[in-house]
Each structure stands twice: as structure tokens, then as C-alpha cells.
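Dear colleague,

Please find the structure below, handed over for your records.

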Amino acid sequence: MLTLNGRTLNPDEGFQHEGTSYPQNWLRLTSLEEKQAIGIVETPDVVAPWYDQRFYWGVDNPKLLNDREESDEQGNPLYVQVFDATVGEHGAMVNSTERLVTRGMKHQWIAQFKQTANSMLAQTDWVVTRKTERNVDIPADIAAKRAAVVAECARLEAAITAASDVPALIAVIGSANWG
């Protein structure tokens with residue numbers, strides 16, 4: 001990155017300095033010594049620290065890990081709002097009896113892994129149906145694969161539930177092995 005008097009210079013744009021106009025290609029065509037002669041400084045590009053956006057809002061700012069029942073500023077519980085047509089002339093939104101819950105990453109990852117397992121099992125559900133309807137044995141390799149999918153999903157759910165912080169959750173997610 002090239003800067004002049006604290007201002008970043010775009011190599012595709014011209015610029016002015018001390019009454020002299022420099023054309024848009026000047027930065028690309030001149031040597032570093034010529035640039036330095038008028039006060040241009042080459043500085044390393046500033047790269048923002050990397051963070052995994054699946055787990056963090058920003059550096060050192062993790063997303064919600066566990067589910068949270070929401071409350072207002074005074075600590076009063078919040079409830080899911082529903083439309084009640086019997087209130088007033090046009091109806092109104094009213095509180096239901098269901099608490100308002102913000103789902104944490106544990107809930108979301110467990111649901112995602114259950115969906116993955118369901119999709120994998122769906123491929124061989126017809127074999128289970130055939131066994132139920134016509135008593136045709138399930139091939140051993142299919143039974144073993146289905147058992148492994150169910151076991152992996154159960155292992156992941158237990159490990160996610162036990163994760164005490166975001167790094168532990170990330171380790172569990174990374175350990176998924178559907179075979």
C-alpha cells in the first residue's frame with residue numbers, strides 16, 4: 001500500500017501533491033526511489049484478523065452458545081407475540097404463553113447434524129420399509145452403515161451439549177466423521 005502524507009494512494013487514479021498533478025499510471029510506471037523522493041511511503045497492507053463467521057461476530061466476540069430466554073431491561077420475561085383478531089377493532093399483537101427464546105449455536109448445530117443424519121438415512125429408508133412390509137432382510141452393510149450414522153449423530157449431539165465454550169464447540173464440529 002502506498003501512502004502520501006497519511007493518505008492512501010490508489011495506483012489506478014491520478015493525484016496531486018505540492019501543486020503537481022500526477023497521471024493515473026504514474027504510480028505503476030515509476031520506481032520506488034522516485035516515489036520516495038516526493039514523500040510516498042510503502043507500508044504493508046493492513047489485514048484484519050481472521051475469525052470464523054460461523055462461530056464469531058468478530059474477533060473475540062463469540063455468538064450465543066446456549067439458548068437464552070429473553071427478558072426486558074427490568075428483567076421481566078418476554079413472550080412470543082401472536083395476532084389476536086378479537087382485540088380492538090382491527091385485532092392486535094398480544095403475548096402468548098410461550099417464552100421468547102433466542103437459540104444458541106448448540107441448538108443450531110444439533111439440528112443441522114440431525115438433518116445430515118436424516119438425509120443420509122433417507123437414502124436407505126426403502127430397505128427398512130421393505131423389511132417391515134415384506135419381511136425381506138436388511139443387508140448387513142446397509143444395517144451397519146445406518147447404525148454408524150445414528151451412532152455418529154448421537155455422539156455429536158452429546159459432545160455439543162457438553163461443550164462449555166465456543167472453542168470446545170468448534171472442536172466437536174471439526175470432529176464430525178460420517179464415514
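The accessible surface of the chain amounts to about 12400 Å², and carbon and sulfur atoms contribute 53% of that area; accessible areas come from the Shrake-Rupley method with a 1.4 Å probe, and for residues only the protein chains shown count as cover. Please note that this is a predicted model, in which local features need pLDDT of at least 70 and side-chain atom pairs count only at pLDDT 80 or more, while totals for chains, interfaces and linings use all residues. Residues are numbered from 1 along each chain as its sequence is written, and side-chain values use heavy atoms, with hydrogens and water left out.

Of the 179 residues of the chain, 23% are buried (under 20% relative accessible area; exposed is over 50%, and partly exposed lies in between, with a 1.4 Å probe and protein chains only).

The chain contains six helices and eleven strands (DSSP runs numbered from the N terminus: helices are H or I with at least four residues, strands are E with at least two). Its radius of gyration is 30 Å, well over the 16 Å that the globule rule gives for 179 residues, so the chain is more spread out than a compact globule; the radius is taken over C-alpha atoms, and the rule is 2.2 Å times the number of residues to the power 0.38. The C-alpha trace spans about 90 × 60 × 35 Å along its principal axes.

Turning to the aromatic rings, the structure holds six aromatic pairs (rings of Phe, Tyr and Trp, the last by its six-membered ring, with centres within 6.5 Å; planes under 30 degrees apart are stacked, over 60 edge-to-face, and the rest tilted). Phe 55 and Trp 109 form a stacked pair, because their ring centres are 5.6 Å apart and their planes stand at 10 degrees. This pair links distant parts of the chain, 54 residues apart: Phe 55 belongs to the loop between strand S5 (40-42) and strand S6 (56-58), and Trp 109 to helix H3 (residues 105-122). Phe 55 is buried at a relative accessible area of 0%, and Trp 109 also counts as buried, at 10%.

Trp 109 pairs with Phe 113 as well, with centres 5.8 Å apart and planes at 45 degrees, so that pair is tilted. Ring pairs join Phe 55, Trp 109, Phe 113 and Trp 178 into a cluster.

Finally, Lys 63 lies over the face of Trp 57, 4.6 Å from the ring centre (NZ of Lys or CZ of Arg within 6 Å of the ring centre and within 35 degrees of the ring normal).

Yours sincerely
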